[in-house]
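Visitor: I've got a new model open and would like to learn how to read it. Could you walk me through it?

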Amino acid sequence: MPGRHVACSRRRGRGVDETAADFNAYERLIATKRVVQIPRAEDDPGAGERLYAKECASCHGRDAQGRERDAVPMLAGQYTGYLQRQVGKYIDKARVHDSSDPDAEERLAAFTAEELNDIFAYISILDD
């Protein structure tokens, strides 16, 4: 149909209608996590776990699964390079981290590069 985007799985040859009323992107991501393994990031996941628990878990969840009902994205299972780019955009104010918290970007900018990399290292092992 014109105007409708249908994502197709080339591997199985089945199309997925992302505009269907019953399409659930979150459930699709969870299903994908069962077959995709994110490579472990370098740095210190133990230090990252402590920082994540203190600074990130209250919104993104203890296991970085996000909160679908509040539109808080899942971090676990995301590629480290993607997370690094997004955090860079928040720090540069090219993207809004949390519209209900005007100081969120400043808090992200307060992390050192090492601290952010430790957080990314921790997130990268959550789906192991």
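Guide: Let's go from the overall fold to one helix, then to the charged pairs. Keep in mind that this is a predicted model.

Visitor: Which secondary structure elements does the chain have, and what pattern do they follow along the sequence?

Guide: The pattern reads β-β-α-α-α-α-α-α, giving two strands and six helices.

Visitor: What share of the residues counts as buried?

Guide: Out of 128 residues, 27% are buried. The exposed surface comes to about 8900 Å², with 50% of it supplied by carbon and sulfur atoms.

Visitor: Let's pick a helix. How does the span of H6 relate to the expected one?

Guide: H6 covers residues 113–125, and its first and last C-alpha atoms lie 19 Å apart, close to the expected 18 Å.

Visitor: How should I think about which way side chains point on a helix?

Guide: The general idea is that an α-helix has 3.6 residues a turn, so residues three or four places apart point the same way. In H6, the buried residues are Leu116, Asp118, Ile119, Phe120, Ala121, Tyr122, Ile123 and Ser124.

Visitor: What do those buried residues of H6 pack against?

Guide: Three helices: H2 (45–55), H4 (80–91) and H5 (104–110).

Visitor: And Leu126, where is that, and what does Leu126 touch?

Guide: Leu126 sits in the segment after H6. Leaving aside residues up to four places away in sequence, Leu126 touches Asp63, Ala64 and Ala76. Ala64 is 62 residues away along the chain, yet its C-alpha is 7.8 Å from that of Leu126.

Visitor: Why is Leu126 classed as partly exposed?

Guide: Because its relative accessibility is 24%, and buried means under 20%.

Visitor: On to charges. How many salt bridges does the whole structure have?

Guide: Four. The idea is to look for a Lys or Arg side-chain nitrogen within 4 Å of an Asp or Glu carboxyl oxygen. Arg62 and Asp63 make one, with N and O 3.7 Å apart. Arg62 is exposed at 65% relative accessibility, while Asp63 is partly exposed at 35%.

Visitor: Which salt bridge links distant parts of the chain?

Guide: Look at Glu106 and Lys93, whose closest N and O atoms are 2.6 Å apart. Glu106 belongs to helix H5 and Lys93 to the loop between H4 and H5, 13 residues apart. Lys93 is exposed at 55%, and Glu106 is partly exposed at 36%.

Terms used. Residues numbered from 1 in each chain as written. Predicted model: local features only at pLDDT ≥ 70, side-chain atom pairs only at ≥ 80, totals over all residues. Heavy atoms only, no water. Helix = DSSP H or I, 4+ residues; strand = E, 2+ residues; numbered from the N terminus. Buried < 20%, exposed > 50% of the residue type's maximum accessible area, 1.4 Å probe, protein only. Areas by Shrake-Rupley, 256 points an atom, 1.4 Å probe, with all protein chains shown as cover. Expected span 1.5 Å × (residues − 1). Contact = heavy atoms within 4.5 Å.
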